[in-house]
Amino acid sequence: MYIHVGEDVMVRTDEIIAIIDRDTVQFSEGIQRLLKQKDKDLCNLAKGSYKSLVITFNQLYLSPLASSTLKKRSKKYSSYENLL
């Protein structure tokens, strides 16, 4: 299944490694280093301020959607997959 993470971008749920809220991103030195190292793989989907960071195997997304919203969407889809 796919999750809409912002703009017109859909990400496969099985490719998502982590969904991290903005406060954690801003205050974590480790995540800041990761963002600098993976700058070429960083896609800013937020027109203004981002609300969460979505980490996949190949890409990092700054999402305008809250991490709680993305989490709810991922649970919704994973519950649906279990029914199949």
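This briefing describes the fold of one protein chain and then turns to selected residues.

The structure is a predicted model, in which local features need pLDDT of at least 70 and side-chain atom pairs count only at pLDDT 80 or more, while totals for chains, interfaces and linings use all residues. Residues are numbered from 1 along each chain as its sequence is written, and side-chain values use heavy atoms, with hydrogens and water left out. The chain contains three helices and six strands; helices (H or I, at least four residues) and strands (E, at least two) are DSSP runs, numbered from the N terminus. Along the sequence, these elements follow the pattern β-β-β-α-α-β-β-β-α.

**The chain as a whole**

- Of the 84 residues of the chain, 30% count as buried. Here buried means under 20% relative accessible area, exposed means over 50%, and partly exposed lies in between (1.4 Å probe, protein chains only).
- The chain exposes about 5,700 Å², and carbon and sulfur atoms supply 50% of this area. Accessible areas come from the Shrake-Rupley method with a 1.4 Å probe; for residues, only the protein chains shown count as cover.
- Among contacts between residues at least 6 apart in sequence, 50% join residues at least 24 apart. A contact means heavy atoms within 4.5 Å.

**The four-stranded sheet**

- Four strands form an open sheet in the order S3-S5-S6-S4, with mixed pairing. Two strands pair if DSSP finds at least two bridges between them.
- The edge strands are S3 (16–21) and S4 (42–44), each of which pairs on one side only.
- Neighbouring strands of this sheet are turned by 15 degrees against each other on average, direction ignored. Axes are lines fitted to C-alpha atoms, for helices over the stretch in contact, and angles run from 0 to 180 degrees between N-to-C directions.
- Helix H2 (residues 29–37) packs on the sheet and touches S3, S4, S5 and strand S6 (60–63). The direction of H2 makes about 60 degrees with that of S5.

**Strand pairings**

- Strand S3 pairs with strand S5 (residues 52–56) in the antiparallel sense over five bridges. Within this pairing, Ile19 has Val54 of S5 as its bridge partner.
- Strands S5 and S6 are also antiparallel, with four bridges, and a hairpin joins S5 to S6 through three residues. Val54 stands opposite Tyr61 in S6.
- Strands S4 and S6 pair in the parallel sense over three bridges. The bridge partner of Cys43 in S6 is Tyr61.
- In a regular strand the side chains alternate between the two faces of the sheet. In S6, Leu60 and Leu62 point one way and Tyr61 and Ser63 the other way, and all are buried.

- Arg22 lies in helix H1 (residues 22–27) and is partly exposed, with a relative accessible area of 28%.
- The C-alpha atoms of Arg22 and Ser52 are separated by 4.9 Å, although the two residues are 30 residues apart along the chain. Leaving aside neighbours within four places in sequence, Arg22 is in contact with Ser49, Tyr50, Lys51 and Ser52.
- Thr56 belongs to strand S5 and counts as buried because its relative accessibility is 8%.
- The side chain of Thr56 reaches the backbone oxygen of Gln59 at 2.9 Å. Beyond its neighbours within four places in sequence, Thr56 is in contact with Val11, Glu15, Ile16, Ile17 and Tyr61.

**Glu7 and the salt bridges**

- A search of the whole structure finds three salt bridges. A salt bridge is a side-chain nitrogen of Lys or Arg within 4 Å of a carboxyl oxygen of Asp or Glu.
- One of them joins Glu7 and Lys47, whose closest N and O atoms are 4.0 Å apart. This pair links distant parts of the chain, since Glu7 lies in the loop between S1 and S2 and Lys47 in the loop between S4 and S5, 40 residues apart.
- Glu7 is partly exposed at 41% relative accessibility, whereas Lys47 is exposed at 76%.
- Most residues other than glycine have a negative phi. Phi of Glu7 is near 50 degrees, a positive value in a residue other than glycine.
- The side chains of Arg12 and Asp14 meet in a salt bridge at 2.9 Å, N to O, and Arg12 is partly exposed at 31%.
- Lys40 and Asp41 form a salt bridge at 3.9 Å, N to O, and Lys40 is exposed at 73% relative accessibility.

Note on methods:
Polar contact = N/O pair within 3.5 Å; in protein donor to acceptor, adjacent residues only side chain to side chain.
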